[in-house]
Amino acid sequence: MPAALVQQIVLEAPLADAFQPVIRLIIGGIAERVDFGFEEIDDLQLAVERLLAAAGAEGSVRLSFEVGDGTIRTHVGPLRETAIAEALQGPAPPPGELTLRRILQTVVDSFGVEEAADGRIVVRLEKLKGVR
Amino acid sequence: MRATSERRPGDPRAREQDRVLLRRYHEGGDTSARAELIERHLPLVRSLARRYAGRGEALEDIEQVGAIGLIKAIDRFELSREVSLATYATPNVVGEIKRHFRDKGWAIRVPRALQELNASMSGAIERLTVRLSRSPSIGEIAEELKTTPEEVLEALEVGSAYSTVSLSSGPAGEDELDPLETLGAEDAEFERSEDRAALAPALDRLPAREREILRMRFEEGLPQTQIAQRVGLSQMHVSRLIRKSLATMRDELA
């Protein structure tokens with residue numbers, strides 16, 4: 001994404017279940033700005049929702065959205081739950097196994113794990129308009 | 001959902017067929033008879049559900065709640081009763097629907113305008129998907145419904161929070177039969193998983209229809225629109241079932 005065209009939105013929210021609908025609503029609002037379709041919005045919301053569910057329910061999480069032309073790049077973290085990194089970076093799950101990795105593979109266009117301070121991780125999710 | 005043969009309420013032959021099926025289920029444990037009873041009486045559920053349409057919840061969601069009442073009625077029916085199954089099931093179905101509205105607190109917590117917007121959303125998405133041959137944007141849905149994108153987003157969120165009941169949420173018990181059990185024929189691929197660290201054990205406990213929807217989405221990679229066509233539900237409903245199923249699986253592992 002050309003830096004000049006990218007706008008950034010940063011949100012820090014509790015991981016508690018009660019705040020998940022708020023996060024979904026905000027993602028919907030951001031995705032609407034880049035004209036994502038209903039299903040694309042739903043995909044991105046699901047990706048973040050599943051990731052946060054894997055991250056636990058205590059503390060808070062930082063979500064950063066880089067919004068470009070038909071693209072949303074989301075960074076979630078730093079997260080303490082390093083098992084997420086193993087789940088996302090390990091070998092591809094065999095057919096028929098429904099893991100977090102398979103869910104992300106299906107609903108976003110790319111994802112990755114970046115290292116943060118204190119051994120924590122940041123998960124990157126990228127969703128493009130009109131690709132899937 | 002399979003087509004259900006036309007039958008008139010009060011038809012003595014239909015009533016006798018019901019009793020034969022009830023006997024097969026209650027005395028012989030024949031779950032296929034139970035499935036047939038469910039299917040035979042789904043038109044009754046639909047008819048009763050229609051009375052509660054327009055109260056802020058999609059008709060198909062109300063029908064699904066009503067189907068739970070039907071299943072309970074079939075399970076609780078005592079063969080010594082002189083009443084027909086339809087007569088016995090009616091208050092069960094209506095009671096289940098009323099309980100649903102009461103428990104969800106929809107009417108008191110959600111502004112009426114938002115309820116109505118949510119109820120009309122599913123149809124609008126279906127119409128636009130056909131018209132545009134793709135999933136509509138929020139702006140397009142808003143235009144179709146003559147409202148703002150923000151209100152559409154809010155109504156969608158309200159719907160996903162309040163409409164999580166599955167047709168498969170029947171009475172508790174491991175060998176419950178899903179009313180849409182017939183959709184579960186293709187789930188063998190998912191069931192092969194032996195990795196206990198993955199979600200497979202929880203997946204096994206999902207109803208057949210939900211397993212099948214997850215398989216189509218995450219194994220075949222089908223978009224929600226195609227899944228919706230295959231299983232005969234709205235795209236919004238497929239979306240909710242996917243979310244709910246994944247959340248249920250996660251909760252079971254927690």
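## Strands and pairing in chain A

Two strands are said to pair if DSSP finds at least two bridges between them; helices (H or I, at least four residues) and strands (E, at least two) are DSSP runs, numbered from the N terminus. This is a predicted model, in which local features need pLDDT of at least 70 and side-chain atom pairs count only at pLDDT 80 or more, while totals for chains, interfaces and linings use all residues. Residues are numbered from 1 along each chain as its sequence is written, and chains are lettered from A and ligands numbered from 1 in the order in which they are written.

In chain A, β3(A) pairs with strand β5 (residues 121–128) in the antiparallel sense over seven bridges. Within this pairing, His75(A) has Arg124(A) of β5(A) as its bridge partner. Strand β4 (residues 110–115) of chain A is also antiparallel to β5(A), with six bridges, and here Val113(A) is bridged to Val123(A) of β5(A). A hairpin is formed by β4(A) and β5(A), with five residues between them. In its turn, Asp118(A) has a positive phi of about 60°.

## Cis peptide bond

The peptide bond from Gly77(A) to Pro78(A) is cis, and its omega is near 15°. Pro78(A) belongs to strand β3 (residues 71–79) of chain A, the strand that pairs with β5(A).

## Positive phi in loops

Asp35(A), a residue other than glycine, has a positive phi, near 65°. The residue lies between α1 (20–33) and α2 (38–54) of chain A, in the loop. Asp35(A) is partly exposed because 15 other C-beta atoms lie within 10 Å; a residue counts as buried with 20 or more other C-beta atoms within 10 Å of its own, as exposed with 12 or fewer, and as partly exposed in between, with C-beta atoms placed from the backbone.

In chain B, Ser133(B) is not a glycine either, yet its phi is positive at about 60°. The loop between α6 (112–132) and α7 (138–144) of chain B holds Ser133(B). With 8 other C-beta atoms within 10 Å, Ser133(B) is therefore exposed.

## Contact between chains A and B

The contact takes 26 residues from chain A and 34 residues from chain B, where two residues are in contact if their C-beta atoms, placed from the backbone, lie within 7 Å. On the side of chain B that touches chain A, the elements that each supply at least two residues include α7, α8 (149–162) and α13 (235–253). The largest share of that side, five residues, comes from α8(B).

By class, the side of chain B that touches chain A has 17 nonpolar, eight polar and nine charged residues. Here Ala, Val, Leu, Ile, Met, Phe, Trp, Tyr, Cys and Pro count as nonpolar, Asp, Glu, Lys and Arg as charged, and the others, Gly among them, as polar.
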